[in-house]
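Dear colleague,

I am handing over the structure below, and my notes on it follow. Please read them alongside the coordinates.

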Amino acid sequence: MSQDSHSSSKPFYRYFFSTDHKVIGLLYTITALFFLLCGFMLMLVMRWQLAFPGSPIPFLGRILSPNLAPNGVMTPDFYNALGAMHGTIMVFLGIVPLGVGGFGNYVLPLQIGAEDMAFPRLNLASYWFFLLGGLLMLSSFIMPGGAAQSGWTSYPPLAIINPGQTVWLFAMVMLITSSLLGAVNFLVTSFNMRAMGMKLSRLPIFVWAQIVTAFLLLLAFPPLEAASVLQLMDRIAHTSFYLPQGLVILGMRHIASGGGQPLLWQHLFWFLAHPEVYVLLLPAMGIVSEILANNTRKPLHGYNVIVGSMISIGILAFVVWAHHMFISGMSAVLSDFFLVTTMIISVPSVAILTSFVFSLRGGSIRFTTPMLFALAFLPMFGIGGLTGLPLGLTVTDIYLHDTYYIIGHFHYIVVPGSLLALMGGVYYWFPKWFGRKMNDTLGKWHFWTSLICMNGVFFPMFIQGLAGQDRRYYDPMAALHSVPTQPLHVVSSVFAGLLFLSQIPFIYNFFYSIRHGEKTDDNPWQATTLDWACPSPPPHGNFTKPIHVYHGPYEYSPVGHKADWIPQNEEILA
Amino acid sequence: MKQYGWGLPLAASSYAGSIDFGIYLIHAVMILIFVIWGVFFTYLLIKYRKKTGVSAERDETHGVFKSLIPDLIVMVFEIVLIAVYAIPVWSKIKIDTPASGNVNTVAIEAQQWSWNIHYPGPDGKFGKTESKYVHFSNPIGLDYNDPAAKDDIVIANELHLPVNEPTVIELTSMDVIHSLFIPEFRLKQDAVPGMKIPVWVKPTKIGTFEISCAQLCGMAHSFMRGKVVVQSRADYDAWLKSHEPQAAQPVSASEAF
Amino acid sequence: MSATALNEHSSHGPNVRAYMTVFGALLFLTVVTVLVSYWHLPIKMAVAVALAIATLKSALVAAVFMHLRGERIIIYGLLGITVFFVLFLIAGPSFDVLSVGGHSAHAPVAMQAEK
Amino acid sequence: MSSSTATLVHQPGESTGVTNAKLGIWLFLASEIMLFSTLFTTYIVLRLGAASWPRGWDVLNVPLGMLNTFVLITSSVTMVMAYAKAHDRDLKGFQRYISLTILLAFVFLIVKGFEWDAHFRHNEFPSTSIFHAVYFTLTGLHGLHVIGGIIVNSGLLYLSRTDFDHPLFVGRVEGAGLYWHFVDIVWIFLFPALYLL
């Protein structure tokens, strides 16, 4: 797969085996969007069961095999499988590849003025590990024993007893390898292949976010890989890393040597999973900062505060993991320590949000479609972050843990937070990818309907959480204390359906505009960062003229200048 | 307050009040912060929207750290919240559980999809449990050769507690991780196999409340429900006496079930 | 700065004599660590000694064989951050097992020793 | 070995002064450090939480383990000698030392095979006890890394016939060397933890 693979005639060969970071970035984006859609479908089926427990699923009920949904009504095992796979697909196959693989691969080399990634073939291997891991994960539904059924967190001993977990573990190891290869590639590219003059203090915030994300991926994923290998050994070689002595499962004594500890998995899993949630968040913050600076026509407020906060989030993310385990039997003294570190890490996140809001001050704000998404990110991430406070506090977490309050909290950060910002990124960089703009009216329709539906789905969850509605319940009507809040399930489900419908304009707009979108020049948004200083779509090798960087990334409306922006590769002539 | 509704359920244990105080306080502060930022955010959007001819003013000199003052205030509030509220109440609830010697104790062995409530009986000592004795009629595997096990009472899904007296629950599980969740007591603790975790509660209201499982434990996770009946001391003793095993058979499965 | 120039700078040439001395030291230290374990020291002491010898040996390999001595700051920074997280990774769960020992059905060895 | 970056004109730019290959290898080793420290955490946590833990001397064959440690240390030395020879442009010397490294790696695996076979013969499998589970998993994963090292080194040996004077070749030998020394360091910690304590 040497250099000529890029220009060879056969399209399939040219796309799927090209080592150009732009082609791989697009492949990642489209594959991740497809996986997001699959994960969304699983959630819709779940929502039907939550809204009308025990009633047959309308269309799907007749198609599904009897052991998954006898006469249309889904079994609890199938519900658990849907829940586990929804979580896994959305996190590991959807948002991380979109934010890191898709945008990172395409935009990072452009923004630092490099011709390509440091190791192009490694980049291609990373995509292929991701694609095969994703397909293996999806195919686990049709494997004997069905998909994984013990939540995306797969706590043992349940994960050791339940069927379907082995394929999940193999797919996870492949996805982890893909992310590790990607992280090494990103870090070496950002440190070693910057254009002349692109000092670290002149990097756009998006590049800083990708650097911190790559560090999180690089150092947090291996523990989960080791823990997954141990769980694989438990399942296949009947060792008992996570199985204590003398388990009695459904009346039969479980024949295992015992001596293991279930909490060990939780420690190792959350050691990854907390940095993972920052991996979901940081690319979105990078995209929001690019769009905000561009559309307020003014440099970001407090560049150093944002970069400093991102780096401190990167470091602190590794020392907060056990706030997911306050009531899991972990020692209460350790909970106090993690309570303090959790509160410390909330400070940099708030500092970034404050800097974003203050960046609006004194700007001349253009309400383009990407700007709408970026602006909506701020209040939505605000709700997500604030509802983290009662969960981070040990005492209030006693009541709120494993209730719908938590589901509302992390969905607010991930869906109206990261996903909205990532969609804004698609609208923002679409002209760079294809040289054509996405339709604005469709974009605005998509924005307003998605925003309203997202809030409609997730806000009732806070109320259900306060009423104590338990998480991962196949039949929410079973528990007396969650019967009064059952109508809220119907509200959420209706809005979830509408949210699905509101994505149709986006999908149509995306594929329609590739060929028939309104043609644009190389820099439709008049952005100063280097990714707009090359033709769109950029040729192989990206920059037609040598790049030299003279000043910071967001040189907008300089004093005493006619044009209200100066690209990074142009001198500021006073 | 109605037992169940949209807000927090009835507070029926000694520390439920302090947990509710924390939840209400944080939600009040959250809503306040959100409203203030929301107003400021919309003001900025309206005031600084793009007007023809008016270009953006660059004001990097404007105090970057001055804009972080609101965050500082929130951080100070958080530090005070931790020092004054979180750590003391947490240690009251989770760390200094009353010694299980002289206090009314109950053992709960969760299993896949039911709660086995195990009372020590009049001798106040729990019988030893062995996994090899587990049988349909002896779900927790009580070893009847052990004298302390003779008078133990094992009942499924029905926890009786005396009112206004602290009870220590020795929580464990026999197969997977479950989580004992009693909304009214604001009590939630994972039952981890291989670990015996003491949890204490002092009910303050007589009545019947609900146990539900808060940690995914397989197929019937949502159907694994139990009942908590809080009675006056007299009723509690009477109920206990009515459930004691009459003639203690030496070996065969006890009919206490 | 073409690629080869960078090589010259960072590893200032291999010197075989250093490699051989480290080779001898490593063999010697391996024999020492095996002999020490032969005396069946109390568990805490044995762990400390074995850890010290192993750290010394790996420091030798890293400094001389992996040319870490004359390396650039970024590599030290990278390794420093990794070791910082490794300490947390090991300390967290171990502290949890030790202090929760009281709960667990069979208290860990360390707890039994003290009781 | 025509790598695609070499054909692009390398614009002068900001960099950390460390070659891409070396920085990439060190980043990869950082993730490997996290992987193996997780395995050591598992060992420590399971040992602390276990009711009883057998002494290495009674269960494992310590002399064989010590022999394996010598083998791996020697292979580390031959690896660094191979790098020295590659650095001094001596093809014959390089090929001699790199084949020695590969040979010693095979010896390590064979000795490890004998140890495992002895355990299997006494039907001690990973599922017999938590100690055996930890022993087999840790040494197994380390063995996989040794096999990875063998593949990389034999790749270098094969390519040295044609690309020995390619400018990036010395960097690649150094990278393979760094990886191999790391695998040796993991064994330096693994040996006392499993065999001696």
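How many bridges join S4(B) to strand S10 of chain B? Five bridges join S4(B) to S10 (residues 226-231) of chain B, and these strands run parallel; B:Lys227 in S10(B), for example, is the bridge partner of B:Glu158.

This is a predicted model, in which local features need pLDDT of at least 70 and side-chain atom pairs count only at pLDDT 80 or more, while totals for chains, interfaces and linings use all residues. Residues are numbered from 1 along each chain as its sequence is written, chains are lettered from A and ligands numbered from 1 in the order in which they are written, and side-chain values use heavy atoms, with hydrogens and water left out.

In chain B, an open sheet of mixed pairing is formed by five strands in the order S4-S10-S9-S6-S7 (strands are DSSP runs of E, at least two residues, and helices runs of H or I, at least four, numbered from the N terminus; two strands pair if DSSP finds at least two bridges between them). Strands S4 (158-162) and S7 (187-191) of chain B stand at the edges with a single partner strand each, so one side of each is left without a neighbour in the sheet.

As for the chains, chains A and B have the most contacts among the five pairs that touch (contact means heavy atoms within 4.5 Å), whereas chain B and chain D do not touch, their nearest C-alpha atoms being 11 Å apart.

Finally, A:Met117, in the loop between helix H4 (76-111) and helix H5 (120-139) of chain A, is buried, with a relative accessible area of 0% (buried means under 20%, exposed over 50%, partly exposed in between, with a 1.4 Å probe and protein chains only).

Best regards
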